[in-house]
Amino acid sequence: MPVDVVKTLRWGHDALAAVVEIHPDRPVALQRLGPPGEEPRRLSQPLVEVLIPGEGRAKASQRLSETAVGCRLRYTGAEQGRDGDWHTLRIALHDEVSGLAAELTLRSYEGVAACQIQVRVTNQGTDPVLLLAVSSFAAGFLGRPVSELDVLSADSEWLGESRWSRRPLRDHIADLNLAAHGQHGRGRFALSSSGTWSSGRHVPMGGLADRRTGQTWLWQIEHNGAWGWETGERLDGVYVVATGPTDADHQWSQTLAAGESFTTVPVSVAVSADGLEDAVAALTAHRRALLRPHPDRSALPVVFNDYMNTLMGDPTTAKLLPLVDAAAAAGAEIFCIDAGWYDDDGAWWDSVGEWEPSRTRFPGGIQEVLGHIREHGMTPGLWLEPEVIGVRSPMADKLPPEAFLQRGGQRLTEHGRHHLDLRHPAAVAHLDQVVDRLVEELGVGYFKLDYNINPGVGTDLDADSAGAGLLACNRAHLAWLDGVLDRHPGLVLENCASGAMRMDYALLSRLNLQSTSDQQDFLRYPPIAVAAPLSMLPEQAASWAYPQPEMTDEELVFTMCTGVLGRLYLSGNLHAMSAAQLDLVRAGVTAHRDLRADLVRAVPCWPLGLPGWDDHWLALGLRAGETTHLGLWRRPGAAETAVLSLPHLAGRGLQIETVYPGYAEGWGHSWDPLTAELSVTSAITGPTARILKLRSL
């Protein structure tokens with residue numbers, strides 16, 4: 001029922017509080033979102049933004065803020081409830097002019113300072129309405145001024161993923177003295193990603209942090225396709241809007257006939273009154289609550305994959321059998337045969353799609369190798385790139401044209417591959433048959449799901465726009481994955497896309513682990529691995545450790561450390577190593593297995609700050625109760641000493657143990673409980689790394 005007086009709607013639990021102001025003559029607005037106890041501010045950013053061509057924006061702007069529809073949406077009701085451990089809030093809004101209704105849903109897990117937000121827009125009028133953009137999340141950031149805020153974002157590209165930075169927001173937004181003009185700003189700082197590589201340019205996340213108060217928001221856009229977020233200056237502070245695809249950035253538009261609805265992609269926001277790492281802790285807990293239940297979530301078996309710096313897509317029986325023996329001896333629990341297992345002629349890139357084992361690579365059949373893996377007590381795995389069909393593959397002609405992404409009636413082709421459209425039943429049936437055959441006939445228990453092309457803005461087949469077609473395909477892809485896991489609930493699925501080009505929580509809420517990079521240079525990998533727990537859960541962050549027989553002992557330890565504090569992802573020519581080298585590898589695997597129980601409850605910290613790509617010293621901490629697991633990497637050119645800040649251990653004595661490689665020669669450390677600083681020294685020439693365990697006394 002419409003309101004005739006100003007109302008305040010409060011919602012939340014012991015860890016999170018939201019306050020919404022409802023006014024008969026102004027847009028509904030979120031006045032605060034944060035831990036309980038913070039005072040709300042009078043903020044005017046509309047709660048939902050909807051852009052349509054006949055209305056546009058209330059004022060000339062390039063922003064998705066103050067849209068005409070968003071400014072007219074008025075409150076019609078709200079419902080609070082519980083769904084198990086999830087608190088829910090639904091707010092209903094309506095615009096009399098356009099006939100559009102919007103329902104915003106928030107859900108937050110008990111005890112976690114974060115919530116997930118989604119918006120459903122329904123045409124309650126009689127005429128069709130064309131949508132050009134709909135916000136998933138729109139709010140003012142606590143009334144804070146630009147001058148006091150930092151913005152957090154992460155660039156990402158092949159071999160250089162999760163390059164996080166924290167910069168003053170004023171570096172991106174000019175100081176225009178808006179108060180003198182009496183109007184909101186019109187510029188913005190915006191990031192977006194197009195196509196199906198959700199993290200191909202930037203990680204689908206962002207954040208704002210107040211340098212003075214410590215108040216912080218971190219958000220993630222949970223979509224396996226196109227997305228965007230923006231922030232800018234208003235008279236009453238800074239606003240944030242996060243979306244899935246839009247017309248301006250992604251060629252997305254969708255017509256709603258009378259009675260039809262559209263639902264945005266989800267966005268999650270974690271909040272803190274105590275700085276970035278506290279917000280990361282909240283987001284980490286929220287991510288764990290989002291996960292689909294799976295036995296792998298607690299088991300976290302060690303994976304050996306034959307690809308990286310090892311077989312590089314050229315597996316054969318003769319090459320694999322000694323690797324299987326060595327991987328088992330090192331302590332691996334899953335052995336994944338990577339790309340090439342289906343290839344007979346050595347030129348497999350543009351012929352993939354049938355996924356039948358090669359007859360030339362495995363003279364005795366691939367079953368011989370898979371059986372050998374099982375005999376060693378390991379689960380056999382295979383590399384698979386399910387969404388593509390090579391232009392030379394027989395499947396390119398066997399499947400109907402409508403089973404592929406199209407533009408203008410022509411199948412899209414990228415790098416010698418066509419892209420399946422999983423809206424089409426023939427595409428789904430083909431992939432279901434492939435997965436079921438490999439699982440049920442060959443006994444495969446693990447798939448590395450790779451994805452090495454980006455088909456662009458989308459498909460215009462059976463869609464209002466190319467972007468709308470792509471969004472529907474993205475959602476069909478998620479539905480297909482759900483079906484696979486429903487049929488094979490114990491199947492372990494790795495998320496990979498040329499490393500980590502599709503690193504988002506639409507996929508990671510379903511899949512078990514995430515390849516963090518394709519980076520082959522062991523010296524360049526640590527900043528990726530150290531930053532990864534900000535982009536994903538530490539137990540999902542699969543960073544390669546690829547020790548080689550030609551490495552020195554310190555180099556071998558260095559690359560092993562890169563994998564130990566995440567989901568250990570092992571490779572390397574272990575079969576060619578000396579007994580002493582294999583012992584070092586085995587010790588790294590043991591160190592990882594010993595900390596797995598802590599990994600699933602740990603929250604990350606960065607004692608040297610967020611890692612820079614060229615930093616010589618790098619550090620990652622994982623806090624689990626009274627224990628902090630600490631990884632340290634010293635790259636060539638570094639000073640001998642680094643000083644680490646560990647404020648959560650202030651005033652305490654520490655027991656410090658070098659858990660990997662198990663000896664401390666060449667390294668030293670001293671702890672000052674008053675300053676909470678750990679000074680670490682290494683005079684070793686060349687790259688060197690250690691894993692320490694810190695216990696409070």
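Pro661 is found in the loop between β39 (654-660) and β40 (667-672); helices (H or I, at least four residues) and strands (E, at least two) are DSSP runs, numbered from the N terminus. A cis peptide bond, with omega of about 15 degrees, joins Tyr660 and Pro661. The model is predicted: local features need pLDDT of at least 70, side-chain atom pairs count only at pLDDT 80 or more, and totals for chains, interfaces and linings use all residues. Residues are numbered from 1 along each chain as its sequence is written, and side-chain values use heavy atoms, with hydrogens and water left out.

Most peptide bonds are trans, and most residues other than glycine have a negative phi. Leu159 is not a glycine, yet has a positive phi of about 80 degrees. Leu159 sits in the loop between β11 and β12 (163-168). With a relative accessible area of 26%, Leu159 is partly exposed; buried means under 20% relative accessible area, exposed over 50%, and partly exposed in between (1.4 Å probe, protein chains only). Asn177 also has a positive phi, near 55 degrees, in a residue other than glycine. The loop between β12 and α2 (178-181) holds Asn177, which is partly exposed at 49% relative accessibility.

Next comes strand β14. Six of the six residues of β14 (residues 205-210) are buried, so the strand is largely enclosed by the rest of the structure. Met205, Gly207 and Ala209 point one way from β14, while Gly206, Leu208 and Asp210 point the other way. Strand β11 (residues 149-155) pairs with β14 in the antiparallel sense over four bridges; two strands pair if DSSP finds at least two bridges between them. Leu152 stands opposite Gly207 in β14. Strand β15 (residues 216-221) is joined to β14 by five bridges, and these two strands run antiparallel. The bridge partner of Leu208 in β15 is Trp217. The hairpin of β14 and β15 has five residues between the strands, and Gly214 in this hairpin takes a positive phi near 85 degrees.

Another sheet is open and made of nine strands, in the order β32-β31-β30-β29-β23-β22-β21-β34-β33, with parallel pairing. Its edge strands, β32 (541-542) and β33 (544-545), each pair on one side only. Within the sheet, strand β21 (residues 303-305) and strand β22 (residues 334-337) run parallel and are joined by three bridges. Asn305 stands opposite Cys336 in β22.

Helix α7 (residues 317-330) lies across β21, β22 and β34 (569-570), running at about 155 degrees to β22. Axes are lines fitted to C-alpha atoms, for helices over the stretch in contact, and angles run from 0 to 180 degrees between N-to-C directions. Contact means heavy atoms within 4.5 Å. Two other helices meet α7. The axes of α7 and helix α15 (residues 579-599) are 8 Å apart, and the helices pack at an angle of about 55 degrees. That makes α7 oblique to α15, because angles under 35 degrees count as roughly parallel, over 145 as roughly antiparallel, 65 to 115 as roughly perpendicular and the rest as oblique. The contact is made by Ala326, Ala329 and Ala330 of α7 and by Leu582, Val585, Arg586 and Val589 of α15. With helix α8 (residues 366-375), the axis of α7 crosses at roughly 5 degrees, and the two axes come within 10 Å. That makes α7 roughly parallel to α8. Thr317, Leu320, Leu321, Val324 and Asp325 in α7 meet Glu368, Val369, His372 and Ile373 in α8.

Gln45 belongs to the loop between β3 (26-34) and β4 (50-51). At 1% relative accessibility, Gln45 is buried. Its side chain makes a polar contact of 2.8 Å with the side chain of Glu49 and one of 3.4 Å with that of Arg234. A polar contact is a pair of N or O atoms within 3.5 Å; within protein, one must be able to donate a hydrogen and the other to accept it, and residues adjacent in sequence count only if both atoms are side-chain atoms. Not counting residues up to four places away in sequence, Gln45 touches several residues, including Val28, Ser65, Tyr239 and Val241.

The structure holds zero disulfides, a disulfide being a pair of cysteine sulfur atoms within 2.5 Å. Cys605 is in no disulfide, and the nearest cysteine sulfur, that of Cys561, is 16 Å away. Cys605 is buried at 3% relative accessibility, and Cys71 is buried with a relative accessible area of 16%.
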